[in-house]
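Dear colleague,

I am handing over the structure we talked about, with the sequence alongside.

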Amino acid sequence: MVTQQFVAPPARAALFLVLTVNEGSEEVVRDVLADLSSITRSVSFRIPDDQLNCVLGIGAEFWDRMFALPRPKGLHPFVPLHGPRHSAPATPGDLLLHVRAHHMDVCFELSRQVMNRLRGHAVVVDETHGFKYFDERDLLGFVDGTENPEGAAAPAAVLVADEDPDYAGGSYVIVQKYTHDLETWGALPIEEQERVIGRSKLEDVEMPDAVKPVNSHVHLNTVIDADGVQRQILRDNMPFGELGTDEFGTYFIGYAADPGVIEQMLRNMFLGSPPGNTDRILDFSTARTGTLFFTPTVDFLDDVPPGPGSASATAEVVPVDAPSATADPADADSDAEVKADLGIGGLRSPAAH
């Protein structure tokens with residue numbers, strides 16, 4: 001089994017594309033998925049040192065249009081959150097392309113090659129060009145991604161395993177585009193900015209629990225399970241900005257074996273933990289998009305399964321009940337109440353975690 005390269009070498013540039021696919025264009029997309037590894041190798045072969053990498057994700061509703069197979073257990077439309085002060089919207093997205101490299105030119109070339117194949121069949125609903133900012137900082141001036149898992153802990157946090165064996169080696173990814181009010185943020189004293197984040201700005205040292213504010217970003221994004229174990233995700237966020245439009249922000253992209261971990265973080269941020277104790281960073285950062293995707297293995301993409309109604313699907317697939325739209329029905333009820341190497345492979349499936 002070859003997985004997509006969710007855990008990738010550090011990149012200096014990234015291009016995020018979220019697409020919707022026209023009705024009736026499923027077979028065109030099927031051909032592009034099957035050729036994605038080849039397209040990536042063709043672009044990367046010319047500049048191998050740039051470590052071009054592409055991860056492709058598929059949205060819940062488009063999955064049903066594309067495959068006769070049931071959805072992966074955790075795949076459902078992004079659940080919007082409407083808290084007492086801030087909201088996380090759900091926005092359309094059938095496909096996600098997360099393209100990374102040391103330079104933007106190869107990211108652009110790969111994305112252009114894919115979009116040439118999809119012209120007239122898919123619409124770009126969000127395109128964001130991200131860049132590394134100094135020593136891994138966001139435009140708020142703080143280091144981003146400090147708590148990413150490393151070594152064997154990284155694939156364990158990211159890859160689906162025995163809990164959904166039909167889709168082992170895949171991962172879930174949530175993307176959100178945040179814009180920042182840099183003028184208001186910049187007016188805060190450094191000490192107050194540090195209290196918002198929960199870390200020192202220069203040294204990137206987390207505050208002790210005794211002094212860390214309970215509404216700080218770090219505190220509310222720490223998820224502990226019933227066994228007292230911290231649940232981890234893999235972030236590959238990138239800053240973006242346009243001087244002409246005065247739009248600056250962070251493109252959040254989080255990978256996890258269980259999307260419920262990221263969803264819990266977002267509930268803590270937007271609804272509050274306890275309820276009403278929302279993430280203070282949202283006073284300065286506004287979520288503009290929100291979409292959930294499943295990223296299958298390279299083997300799955302290279303040999304795309306049949307679509308609904310195809311002869312092979314009719315012969316081979318045994319109908320099963322569709323999985324629940326949310327991993328935890330109780331959480332869904334609660335939300336209702338307040339209502340994103342050379343190719344794309346690289347990791348091997350780890351043991352279940």
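What follows is a short account of confidence, salt bridges, backbone geometry and cavities.

Please keep in mind throughout that this is a predicted model. The average pLDDT over the chain is 90, and 88% of the residues score at least 70. The stretch to treat with caution is residues 316–353, where pLDDT stays under 50, although the model has 92 contacts there beyond four places in sequence. Where pLDDT is low, predicted coordinates should not be read in detail.

Turning to the charged side chains, the count comes to 20 salt bridges. One of them pairs Arg117 with Asp35, with an N to O distance of 2.9 Å. Because Arg117 belongs to helix α3 (residues 104–118) and Asp35 to helix α1 (residues 26–46), this pair ties together parts that are 82 residues apart in sequence. Both partners count as partly exposed, Arg117 at 34% relative accessibility and Asp35 at 30%.

A salt bridge between Glu109 and Arg46 has an N to O distance of 3.7 Å. Here too the partners lie in helix α3 (Glu109) and helix α1 (Arg46), so the pair ties together parts that are 63 residues apart in sequence.

Through shared partners, salt bridges join Glu147, Arg199, Asp204, Glu206, Asp209 and Lys212 into one network.

As background, most residues other than glycine have a negative phi, and most peptide bonds are trans. In this model the peptide bond joining Ser273 and Pro274 is cis, with omega at about -5°, and Pro274 is placed in the loop between α8 (259–270) and β13 (285–287). Glu136, which is not a glycine, has a positive phi of about 65°; Glu136 is found in the loop between β6 (122–131) and α4 (153–158) and counts as partly exposed at 32% relative accessibility. Asp246, also not a glycine, has a positive phi of about 60°; Asp246 sits in the loop between β11 (238–242) and β12 (247–256), and at 58% relative accessibility Asp246 counts as exposed.

Two or more lining residues come from each of α1, β5 (95–101) and α3, and α1 gives the most, with three residues. By class, the lining of the second largest cavity has nine nonpolar residues, no polar residues and no charged residues.

With best regards

Note on methods:
Residues are numbered from 1 along each chain as its sequence is written. This is a predicted model: local features need pLDDT of at least 70, side-chain atom pairs count only at pLDDT 80 or more; totals for chains, interfaces and linings use all residues. Side-chain values use heavy atoms; hydrogens and water are left out. A salt bridge is a side-chain nitrogen of Lys or Arg within 4 Å of a carboxyl oxygen of Asp or Glu. Helices (H or I, at least four residues) and strands (E, at least two) are DSSP runs, numbered from the N terminus. Buried means under 20% relative accessible area, exposed over 50%, partly exposed in between (1.4 Å probe, protein chains only). pLDDT is the predictor's confidence in each residue, from 0 to 100. Contact means heavy atoms within 4.5 Å. Ala, Val, Leu, Ile, Met, Phe, Trp, Tyr, Cys and Pro count as nonpolar, Asp, Glu, Lys and Arg as charged, and the others, Gly among them, as polar.
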